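Hello,

Please find the structure we talked about below. My notes on charges and salt bridges follow it.

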Amino acid sequence: QTYRQTDRQTDRQIDRDRLIFLATSVFRVIITNYNGMDGDLVDVEKILSIRSGVHLDEDVRASPVHFTSDLPLSEVFPFLSPSLRDGLQRLCQTKCSTVEELLFLSTEEMIDYGNLSEKQTEDLLRVVDGLLKASLPPLVTAWTFCQDPLHHKYVSFGCPILDKAFGGGIQRGHITELVGESASGKTQLALQLLLHTSISPDIRDTNPRAVYISTESVPFRRMVQMAEEFENRYRTGIPVMDRVIIQPASSVEELWITLVRDVSQLVHSENVKLIVIDSIAAPIRSSFSQQESLPRAKYIWRIAQLLKSLVTYYDLAVVVVNQVSDVFLEDTDLAMVAIPPRERGDSYKKPVLGQIFASSMDTRIAIWRSSSPASAPGEVERQMSIISSASLPPITIPFRVRADGVAASQS
């Protein structure tokens, strides 16, 4: 019934597959709690609220219940009877804080530290197991998966040639890394993605937002110039700059707090479709010395996992701008090289932050200035190349940075 209702003001219709999947998840949790458990049934409204902020009486953008092993145990409380909730609170105070830590406890530890009976321990594990299973997507064939438009959502480059080369643009649900030397055009491309996100061609995306986390200096003048060009070009009447949220973060502490607190709240309350971090390497390189390799690796891993969670849970795209460093081929794997030497005497370049960060990227795009002259006076010929991707073939595209933005040099 809800699926057939259309909000005329926003012209947005509920996606049938998401609604069916949500309803299936709800009933699985209810059945799991009911089967052999003492106490009341779970509150459906609480199920819809967990991790997604969805309420039937407030927001019709229903999304699946996302329940993962790293979820804090406090978010399991709404699904439990009072006696089990008290036992779980005791376990939180003494032995564990996440679902994963709870699952590693033995039955004896749960009984001793949670003051639970053997029957209550079984009921608690049954609830947690049911919540995890309820969040698994249904099995589908490869053809059904490929034909589902939910798996093919993109953030446009604002250039039809670049969009076509990338299969539609920057894919949502993925982390895309832009690597290159200083002044290669990384920030220019990132700004264009930010501004074009606010002019979404998808009619279901009402009032889309983009978040720009700047760890260095914010290029205000260039952003204003590009925004004015965009507004003159598209003439939609949309205030482009009003839909871009800027948050400076100059240290690793500020970057972490921004992602965990500010951005997490924004994606709950706003229709965020893109997050850009420019650059991801600057605060990390300035905060950790060469002797602090282990804390540095742990921090990089935590940031990468947090970004993975954001793109997975909230169906958005994350673009991270990364720096490069010189490298000698005998000291590294060829797979890590992003940019080959352009002229005799130049060194190879590789992205910084190492293999831990590289393994978390879905697509890595290298950007560099080309040695060939540009056809237009005052412009510099540049290249962007897909050097690794989970969904795109290797391709190199020439492009230019103009006053009105970034555009491919050829069709």
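Arginine 172 counts as buried, because its relative accessibility is 7%. Keep in mind that this is a predicted model. The partner of arginine 172 is aspartate 315, and the closest N and O atoms of this salt bridge are 3.0 Å apart. Arginine 172 sits in the loop between strand S4 (170-171) and strand S5 (175-180), and aspartate 315 in the loop between helix H13 (293-314) and strand S9 (317-322), so the bridge ties together parts that are 143 residues apart in sequence. Aspartate 315 has a relative accessible area of 15% and is therefore buried too, the limit being under 20%.

For the overall picture, the protein has 411 residues, of which 46% count as buried. It contains 14 helices and 15 strands. Of the contacts between residues at least 6 apart in sequence, 65% join residues at least 24 apart. The accessible surface is about 21,000 Å², and carbon and sulfur atoms account for 51% of that.

The search of the whole structure gave 13 salt bridges. One of them pairs glutamate 109 with lysine 95, at 3.7 Å from N to O. Here glutamate 109 belongs to helix H5 and lysine 95 to the loop between helix H3 (82-94) and helix H4 (99-103), so the parts tied together are 14 residues apart in sequence. Glutamate 109 is partly exposed, at 26% relative accessibility, and lysine 95 is partly exposed as well, at 33%.

Aspartate 404 and arginine 402 form another salt bridge, with 3.3 Å between the closest N and O atoms. Both residues count as partly exposed: aspartate 404 has a relative accessibility of 21% and arginine 402 one of 35%. There is also a network, in which salt bridges that share partners join Lys119, Asp123 and Arg126.

Where does negative charge gather on the surface? The patch consists of Glu108, Asp112, Glu118 and Glu122. Helix H5 (107-114) and helix H6 (118-134) each contribute at least two residues to the negative patch. Aspartate 112 is part of helix H5 and counts as exposed, because its relative accessibility is 60%.

Regards

Technical notes. Residues numbered from 1 in each chain as written. Predicted model: local features only at pLDDT ≥ 70, side-chain atom pairs only at ≥ 80, totals over all residues. Heavy atoms only, no water. Patch = residues over 30% accessible without salt bridge, like charges linked within 9 Å, V, L, I, M, F, W, Y side chains within 5 Å. Areas by Shrake-Rupley, 256 points an atom, 1.4 Å probe, with all protein chains shown as cover. Salt bridge = Lys/Arg side-chain N within 4 Å of Asp/Glu carboxyl O. Lys, Arg positive; Asp, Glu negative; His and termini not counted. Charge placed at Lys NZ, Arg CZ, Asp CG, Glu CD. Helix = DSSP H or I, 4+ residues; strand = E, 2+ residues; numbered from the N terminus. Buried < 20%, exposed > 50% of the residue type's maximum accessible area, 1.4 Å probe, protein only. Contact = heavy atoms within 4.5 Å.
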